[in-house]
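Me: Please take a close look at one part of this structure. Then place that part in the wider picture.

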Amino acid sequence: MKSLTYIQPEGGAIPELEVPLSKSVANRWLILEAIFPKHIVKKQLSEAADTRILREALESESTDIDLGAAGTAMRFATAFFSAKPGAVTYLYGTDRMHERPIQPLVKALRSLGAEIRYEGKEGFPPLRIYGRHLRGGEVYIPADMSSQFISALMLVAPATQDGLLINRTSKTVSQPYIDMTTAVLQQAGITVEEDDNRIHVHGKPSGVVEMPSEGDWSAAAAFVAWTAVSGQSITVKGLSNESIQGDAMLIEWAEELGVEGEWVDGNWLLNRTHIPEEDLHLDLLDHPDLAQSIIMAAFAQGRGGKVTGLNTLRIKETDRINALVECIRMLGGETTDTGGALYWSPTESLNFNGATFKTYEDHRMAMALAPLAALHDITIDDETVVVKSFPKFWEEMKKVGLTLS
Ligand SMILES: O=C(O)C1=C[C@@H](OP(=O)(O)O)[C@@H](O)[C@H](O)C1
Ligand SMILES: C=C(OP(=O)(O)O)C(=O)O
């Protein structure tokens, strides 16, 4: 349990905060490196726990592998170990991981010859995997639950003899993450061709590639939210406006929170120009990881909102829609959710009644709560959850004057 207190630093200097490296980018390269160690050379990796967990899993000599709360790592490792002939691997994680579905991926891998057994509940980890040479060719998979299943297939496609022709059988969620996988595969020299609902991945890397890394745009959402709520200008270091991450959409969406971003000497300078009077209207189907920071910031600005495309939030580190609803209600807001949408009414004065906010074992919930401290001291139950994607988050926030005690 920690109290968050904000005292604006004296002097006019604009604080400089740094984002971590993207775990999503790193996790893709780690799978390719494990398949093609002679062609991919490790470089600087993201410091996120989820990347460390995947790296250790891929390097492990043990047959039992704990993937903790790292969902992408679980999905990618399932595909990787299915395609590793001779390996027998037991993959497990936190209790929450055992509630996060994996059936569409398992079904698709089985259709390619994989042998995977459910060791707990049917359709969920833990899994026991008997590695095989996977057949290449056509594979069918629904795309409306998680894009990670499709990225997992794309990443192991080059380990099959002729590659994979992946057919998506339903509407796609989180499409920019599939685009990120395409970009990484192409950077590695592998061919990806897409038309309509089909993705054809074939070929092998030819040269040697040093793993590129990028600053994490999803993490930057917490900084935009800070400026939006506190009005404090900050400089964000470590980002590039030429990114393969879909969440670089923040460059446009910062304005939705009245924040203007400007590139100065390669850094992203954020200034709040105004608090928009109108309700927030956004569709977040392509950008699920931005949802909590953007929604909490707009609510803390006293605005109402209607945000759609939140379909996948229920099966992430926590049921994130439920977590948002609980926080908004605790602060005196009125909110309803239907399916993948969340509506809330403008609330002028928030009710900080001394209650402790839960972080729901979810890094993004902890980071989305931080800007509330610009309005009032708050207490959160577990600040350590940020390690999943951004271990130095609180250290960076100290620079704006936010302290934990
Ligand atoms: O491929 C990836 O790196 C990710 C895909 C997204 O998941 P879904 O496709 O399940 O929405 C995202 O939420 C997650 O944090 C990272
Ligand atoms: C959903 C996330 O990660 P994962 O699915 O990899 O656990 C996230 O980082 O917000």
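Reply: Thr-182 is partly exposed, because 19 other C-beta atoms lie within 10 Å. The cut-offs are these: 20 or more other C-beta atoms within 10 Å make a residue buried, 12 or fewer make a residue exposed, and partly exposed is in between, with C-beta atoms placed from the backbone. Thr-182 belongs to helix H6, residues 175-187. Helices (H or I, at least four residues) and strands (E, at least two) are DSSP runs numbered from the N terminus. Met-249 is 67 residues away from Thr-182 along the chain, and their C-alpha atoms are 18 Å apart.

This is a predicted model, in which local features need pLDDT of at least 70 and side-chain atom pairs need pLDDT 80 or more, while totals for chains, interfaces and linings use all residues. Residues are numbered from 1 along each chain as its sequence is written, chains are lettered from A and ligands numbered from 1 in the order in which they are written.

Now the wider layout. The chain is assigned a domain 1 (2-21 + 214-404) and a domain 2 (23-210); such bounds come from an automatic or database domain assignment. Their C-alpha centres are 30 Å apart. Contact means C-beta atoms, placed from the backbone, within 7 Å. By that test, 22 residues of domain 1 meet 25 residues of domain 2. The domain 1 side of this contact has nine nonpolar, six polar and seven charged residues. Here Ala, Val, Leu, Ile, Met, Phe, Trp, Tyr, Cys and Pro are nonpolar, Asp, Glu, Lys and Arg are charged, and the others, Gly among them, are polar.

Next, the ligands. A residue is near a ligand if its C-beta atom, placed from the backbone, lies within 6 Å of that molecule. The shell around ligand 1 includes Ser-24, Thr-72, Ser-146, Tyr-177, Asp-289 and Thr-312. Both domain 1 and domain 2 supply at least three residues to this shell. Its make-up is three nonpolar, eight polar and one charged residues. Helix H5 (residues 147-156) gives the largest share, three residues. H5 is mostly covered, with 10 of its 10 residues buried.

Ligand 2 has Asp-50, Ala-70, Gly-71, Thr-72, Asp-289, Lys-316, Glu-317, Arg-364 and Ser-389 around it. By class, this shell has one nonpolar, three polar and five charged residues.

Then the core. A nonpolar core is a set of buried Ala, Val, Leu, Ile, Met, Phe, Trp, Tyr and Cys residues joined through C-beta atoms within 7 Å. The largest one has 134 residues, and Leu-153, Val-224 and Ala-225 have the most contacts inside it. Helix H7 (residues 217-230) supplies the largest share of this core, 11 residues. Beyond its neighbours within four places in sequence, Ala-225 is in contact with Ser-293, Ile-294, Met-296, Ala-297, Ala-368 and Pro-371.

Last, Glu-214. This residue sits in the loop between strand S12 (209-210) and H7. Glu-214 is buried, because 21 other C-beta atoms lie within 10 Å. Setting aside residues up to four places away in sequence, Glu-214 touches Leu-21, Ser-22, Val-25, Ser-240, Ser-243, Ile-244 and Gln-245. Val-19 is 195 residues from Glu-214 in sequence but 9.7 Å away, C-alpha to C-alpha.

Terms used
Two residues are in contact if their C-beta atoms, placed from the backbone, lie within 7 Å.
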